[in-house]
Amino acid sequence: MREELLQEAFRKYGTPLYVFDLDILKEQTERIRAGFGPEISLCYAMKANPFLTGYMAQWADRIEVCSMGEFRICRRLQVPLEKLFISGVMKKRDDIREILSYCGNKCAYTVESPLHFQYFVEWSEEHPEDGVLRLYPRLTSGNQFGVDEEDIRKIISRRQEYTALHILGLQFYSGTQKKNLSQMERELQSLDAFLNELKKDYGYQAEELEYGPGLFAPYFV
C-alpha cells in the first residue's frame, strides 16, 4: 500500500483509522488455500471483520454467520445462500425460523444443542417442500457450547427417522489464539477417534468435518 494513500485516508477520516489492503487479503487467502490443498475448503468467520464479508464471499468457500446481525449483513450484501454456514448459539426459535424461511436448504447449519436440533426437525416436518437440510452437530469442547458426545450419538442413531435432515458431519471449535500446534493435533486425533466410533457403532460415515483451528493472529508486528 502506497504511503500517499495512507496519508489521504488520514486526512479524510482522521484517527483512529483501520485500513484494509484487499490485495494482501486476497493473496493471504490464496496462500492458505494452497497450503492446505484442494481437499480442504475455507470458511471465513465474518465476526473476525464484517467489513470484509463481501470480499471474502468471493474468495472463501463459505461465510460463517454466528448472529442475526451478521445474517442481516449477508442479506444486505446479497451473499449467495450456498456460501452461508449458519452457526452460533445465541439464536431463539424465531431467529432460526427467520433464517430457514429465507435460506431453506440452500445453506448449511450447525446444531448447537438438542433443543436446536428439534427446531430443525420441526421445520422439516412443517415444510417438506423445502427439501433436505444439511446439518453439522457441534461437538462441545467441554464448555457450555455445543452438543456432548452422548447427545450426538442419539442424533446419529436415529438419523434414518429424519428424512428431510442430512447430517453431513461434525463441527468443532474450541477457542482461539492457539499458538501450540500440538493442541490442534490432539483435537484432530480425538475427532478422528470419535468419528470412527460413530462409524463402528452406527454405520455412520461423516462426509465432512468443519474444524475451527483457532490459530492466533498477530495484529501488530
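This passage describes the overall make-up of a predicted protein model and then one of its helices, α8.

The protein chain comprises 221 residues, of which 41% count as buried, and its secondary structure amounts to 8 helices and 8 strands. The C-alpha trace extends over about 65 × 40 × 30 Å along its principal axes, while the accessible surface comes to about 13500 Å², with carbon and sulfur atoms contributing 53% of that area. When contacts between residues at least 6 apart in sequence are considered, 61% of them join residues at least 24 apart. The chain carries 28 positive and 34 negative side chains, and the centres of these two sets are separated by 2 Å.

Helix α8 covers residues 181-202, and at 1.5 Å a residue its 22 residues should span 32 Å, which agrees with the 32 Å that separates its end C-alpha atoms. The buried residues of this helix are Met184, Glu187, Leu191, Phe194, Leu195 and Leu198. Viewed down the axis of α8, these buried residues fall within an arc of 100°, so they line one face of the helix. Such an arrangement can be read against the geometry of an α-helix, which has 3.6 residues a turn, so that residues three or four places apart point the same way.

Methods. Residues are numbered from 1 along each chain as its sequence is written. This is a predicted model: local features need pLDDT of at least 70, side-chain atom pairs count only at pLDDT 80 or more; totals for chains, interfaces and linings use all residues. Side-chain values use heavy atoms; hydrogens and water are left out. Helices (H or I, at least four residues) and strands (E, at least two) are DSSP runs, numbered from the N terminus. Buried means under 20% relative accessible area, exposed over 50%, partly exposed in between (1.4 Å probe, protein chains only). Contact means heavy atoms within 4.5 Å. Accessible areas come from the Shrake-Rupley method with a 1.4 Å probe; for residues, only the protein chains shown count as cover. Lys and Arg count as positive and Asp and Glu as negative; His and the chain ends are not counted. The place of a charge is taken as NZ of Lys, CZ of Arg, CG of Asp or CD of Glu. The expected span of a helix is 1.5 Å times one less than its number of residues. The arc is that of the directions from the helix axis to the C-beta atoms.
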